[in-house]
Amino acid sequence: MSTHRPADLVVVGAGPAGLAAAVTAARHSVDVEIVDEQPRPGGQIWRRPDPALGAADPLDAPAYAAGRALLAEAADTPGLRIRHDTVAWGVFGTRTEPDGWAAPEGTPVEQGLSLAVHGPRGVDVLRPRALLLTGGAFDLPVPMPGWTLPGFLTVGGIQALLKGQQTLAGRRIVLAGAHPLLLVAAAQLLHAGADIAEVAFAQGLPGVGTAGPALAALPGNRAKLTEGATALRTLRRAGVPVRTRTLLVRAEGDGRVTGAVLSKVDDQWRPLPGTTRVVDCDTVGIGFGFVPATELARQAGCEARWDDVSGGWILVHDEAMRTTRPQIWAAGELTGVAGAERAVAEGRRAALDICDALGAVDKPVINQELKNVRRELAATGRMATLLDRTCAPIRAALGALADDDTLLCRCEEVTVGEVRATLADNPSLATADAVKLITRVGMGPCQGRMCGPALADLLHREKALPQATIGPFTARPPVKPVPLEALAAAHDRCRHP
C-alpha cells in the first residue's frame, strides 16, 4: 500500500458528473484521476458492453449523442487517468490547518485527506488536494410479497444486464413503477427481442397543473422529452399495453417469478377493490425512483439532509457544489436525483470551483465558462422540477404493500413482522441505527442499501416520526465490501515496506 498524491483532483465515479468534471478540470491543466468500480467509463446511463462481445454500442442511438461525445473527449484528454474496477471504500483525515492549498477564502483546509480504494493493485490510499464525489444512485427498493423471487429485479438491474452483457433478464417482462425510465427501458428490451407484457405506471396521466412546468422544461430539454416520446411511440406500435393508475402489488411464483399481480389504484396509489389481475411473465422490473448513494460522503463527514422528492438523503452543498467538509465537492445524484444532463452540468460547475480553489485558472476564464454552466443548470433544473411533480413515489402506498411475512432485510433474513414486533416491544426505538442494533437489519453485505429506505419508511409510518430524525444508517468504512486478505496484505506492507 502506498500513500501519495497521485493527482491534484481525485474523482469518485466515471458517470456523467464525474466525466464532465474530470474533462473540465484536465482541460485547465489540473492533474486528474478517476476511481470507478466498473470496467469501462460511463456509469449506469452510459453503460457499454464488453468489446469482446462484438455487440452494437448502445451509445450509437441518437438519444445518447451527448454521452458518446463526452466519453470520446475523456479518452482524448491529456492528464486524465481512470482506475477501473476500483472501489472507493473510505475517506480519512481530520486535521484542519492550512498546508498551502488555495482554499476558498475563509474556508479551513484539511490536511491529510485520504481516499482508501481497492482494485487490481490491491488496497491503496490516495491523497489528493481536492476530492469530488459523484457516486450516483441506485434504484429505490420496494419490499412486497414475492420480491425475493428469482426474476424480480429493478429496472436498473435489467438495463445493466442488457447494456453491459447483452443479456435479457427474461423473455416475458412486466415493468412497473412511476419513473419515465420504464418507457425507455421497455423500448430497449423490445428492440433486443424481449416480449414486454405490460408497462404499468402507478400515477395517472399528467393533469392541468403540470402544464406550466412541462412548458417551462422544454427549453434545453427537447432531446430528453423526445427520447421518452419516441419510446412510447415504439411501444404503442408494437402493441405493448402501457397503463396508468396501475400498481404492482406482488409477484407470484414457486421458485421463480411466474406472474405479476397488478391493481388499479386511486390518486394516492391505494388499490381499488375488485380490480386485481395477474399478468403471466417470467420477469418483473420495478422503477419507482432512485436513492442517492451518499454512503461514502456521509462516512467522510459530509452533512446530508432529508429530501423526500429528491430521493431521500442528499448532500448539503453550496452553489459551487462544495460540501460541508473542506476539500470535498459533490455532483450528480448525490445532491438530488435529477438525471444525466443535470449531473453533467453539476460536474462542470464543481470542476470550475475546484480549478479556482487550486489556482489553476484565472477568474475571468472561469467567469466566462460559468455563464454557460449556469444556463445548463437552469434548464436541467426545470426538467427536474417537472419529474418531481409527476413521478415522485408515494412512499406510504409502497410501504403498505409488504405484509408481516415479507422479508425486509434480505441479507439477514429479517421480516417486516419481526421489525414491527421489535418496535412494539421497545417503544423508545426512534432511529434506523437503534433498530439495526437489535434486529440486525442493515448488517449484511449490502450495508442497508436494499432495506434502509424501507426501514425508515416503516419507522415513519409505525411511530409517526419525521424521516429527518430517523436518519440513515451510520456509514462506516469500508462502505462497500473489501476482502480481508487485501486489507491484511496492505497492513503487512505498511509494517514492512
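1. Two strands pair here if DSSP finds at least two bridges between them. Strands (E, at least two residues) and helices (H or I, at least four) are DSSP runs, numbered from the N terminus. The model is a predicted one, in which local features need pLDDT of at least 70 and side-chain atom pairs count only at pLDDT 80 or more, while totals for chains, interfaces and linings use all residues. Residues are numbered from 1 along each chain as its sequence is written, and side-chain values use heavy atoms, with hydrogens and water left out.

2. Three strands form an open sheet in the order β16-β17-β18, and their pairing is antiparallel. β16 (246–252) and β18 (277–280) are its edge strands, each with a pairing on one side only. Four bridges join β17 (residues 259–264) to β18 in the antiparallel sense. Within this part of the sheet, Gly259 stands opposite Asp280 of β18.

3. Arg245 sits in the loop between β15 (242–243) and β16. Its phi is near 50 degrees, a positive value in a residue that is not glycine. Arg245 counts as partly exposed because its relative accessibility is 34%, where partly exposed is the range between buried (under 20% relative accessible area) and exposed (over 50%), for a 1.4 Å probe and protein chains only.

4. With a relative accessible area of 42%, Arg440 is partly exposed. For background, most residues other than glycine have a negative phi, and most peptide bonds are trans.

5. The peptide bond from Pro477 to Pro478 is cis, with omega near -5 degrees. Pro478 belongs to the loop between α14 (467–470) and α15 (484–495).

6. A pocket is an open set of points on a 1 Å grid over the protein atoms alone, with protein on both sides within 12 Å along at least five of seven lines; a cavity is a set of points where a 1.4 Å probe fits but cannot get out, and lining residues have an atom within 4 Å of a point. Volumes are the space filled by probe spheres set on the points, which are joined across faces, edges and corners.

7. Two or more lining residues come from each of α3 (155–165), α4 (181–191) and α6 (222–237). α6 has the largest share, six residues. By class the lining holds 13 nonpolar, seven polar and four charged residues, with Ala, Val, Leu, Ile, Met, Phe, Trp, Tyr, Cys and Pro as nonpolar, Asp, Glu, Lys and Arg as charged, and the others, Gly among them, as polar.

8. Two cavities of 30 Å³ or more are present. At least two lining residues come from each of β20 (290–292), α7 (295–299), β22 (312–315), α12 and α13, and α13 gives the most, with three. The lining divides into 13 nonpolar, eight polar and six charged residues.

9. The second largest cavity has a volume of about 160 Å³. Among the 14 residues lining this cavity, Pro143, Leu398, Gly399, Ala454 and Asp457 are the closest to its centre. α10 (395–399) and α13 each supply at least two lining residues, and α13 contributes the most, four. Ten of the lining residues are nonpolar, one is polar and three are charged.

10. An unreviewed UniProt entry places the feature "domain: BFD-like [2Fe-2S]-binding" at residues 408–460; such annotations may be inferred rather than shown by experiment. In the model, this stretch is 51% helix and 8% strand, and its end C-alpha atoms lie 15 Å apart.
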